[in-house]
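Hi there,

Here is the structure I promised to pass along. Have a look first, and my notes follow below.

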Amino acid sequence: MFYLSDGITSVDGSGWAMSANGFKTMRGAFRDSEITSVDLSDTNNDFSALISMQDAARGNITSFAWPSNADFSSLTTATNFCLASHQPMTTAQYDNFLTRIDATNSNTGVTYSMGSCTYTGGGAVATARANIVAAGNTIIDGGIA
């Protein structure tokens, strides 16, 4: 979508109303671009058919907002979502992501390569993360904030 794009630093997809009928992959979507902020937080955006987030945020992203009701039920690939040293989501954004994965995704064998993203220790978020791992998935992240 925006792979290797120059001159764009922010993507506001909050009003896109993405539909599950046509939105299946984010593979490489924002990779190696000048984009630092992605906002897909509109609750009308539907991620229920999204299969791959591989390499989606590899680059300069420091803020990646998802809807608070995101449905990631079809997600099977999140390998290299970002590079190991990158933190494309704030702690609050990553907390929301983990909570939504736990609530909506029952797939096993998924590797979530989340770079140095950090999550809130204890409580619902830590439980959500533990549930994801206990279900047979792998999470590579920066640990507790």
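This is a predicted model: local features need pLDDT of at least 70, side-chain atom pairs count only at pLDDT 80 or more; totals for chains, interfaces and linings use all residues.

Let me start with a glycine. Gly-115 sits in the loop that links strand 4 (111-113) to strand 5 (118-119). Its relative accessible area is 9%, so Gly-115 is buried. Setting aside residues up to four places away in sequence, Gly-115 touches Cys-82, Leu-83, Ala-84, His-86, Ile-140, Asp-141 and Gly-142.

As for the overall layout, the protein chain has two helices and seven strands. In sequence order they run β-β-β-α-β-β-α-β-β. Of the 145 residues in the chain, 46% are buried. Among contacts with a separation of 6 or more, 83% join residues 24 or more positions apart.

Gly-143 is part of strand 7 (residues 143-144), and it is buried, with a relative accessible area of 17%. Apart from neighbours within four places in sequence, Gly-143 is in contact with Cys-117, Thr-118 and Tyr-119.

How many disulfides does the structure hold? The count is zero. Cys-82 is in no disulfide, and the nearest cysteine sulfur, in Cys-117, is 5.2 Å away. A disulfide needs the two sulfur atoms within 2.5 Å, so at 5.2 Å the sulfur of Cys-117 is too far from that of Cys-82 for a bond. Are these two cysteines buried or exposed? Cys-82 is buried, at 3% relative accessible area, and Cys-117 is buried as well, at 0%.

Now to the helices. Helix 1 (residues 91-104) packs against helix 2 (residues 123-134) at an angle of about 50°, and their axes are 8 Å apart. Because of that angle, helix 1 counts as oblique to helix 2. The crossing of helix 1 past helix 2 is left-handed. On the helix 1 side, the contact is made by Asp-95, Leu-98, Thr-99, Ile-101 and Asp-102. Helix 2 contributes Val-125, Ala-128, Arg-129, Asn-131 and Ile-132. Sorted by class, this contact between the helices has five nonpolar, two polar and three charged residues.

Asp-55 has a phi near 60°, which is a positive value in a residue other than glycine. Asp-55 is in the loop between strand 2 (37-39) and strand 3 (63-65), and its relative accessibility of 7% makes it buried. Asn-80 also has a positive phi, near 55°, and is likewise a residue other than glycine. Its place is the loop between strand 3 and helix 1. With 33% relative accessibility, Asn-80 counts as partly exposed.

That is everything I have for now. Happy browsing!

Best wishes

Methods: Residues are numbered from 1 along each chain as its sequence is written. Side-chain values use heavy atoms; hydrogens and water are left out. Axes are lines fitted to C-alpha atoms, for helices over the stretch in contact, and angles run from 0 to 180 degrees between N-to-C directions. Helices (H or I, at least four residues) and strands (E, at least two) are DSSP runs, numbered from the N terminus. Angles under 35 degrees count as roughly parallel, over 145 as roughly antiparallel, 65 to 115 as roughly perpendicular and the rest as oblique. A crossing is left-handed if the near helix is turned anticlockwise from the far one by less than a right angle, and right-handed if clockwise. Contact means heavy atoms within 4.5 Å. Ala, Val, Leu, Ile, Met, Phe, Trp, Tyr, Cys and Pro count as nonpolar, Asp, Glu, Lys and Arg as charged, and the others, Gly among them, as polar. Buried means under 20% relative accessible area, exposed over 50%, partly exposed in between (1.4 Å probe, protein chains only).
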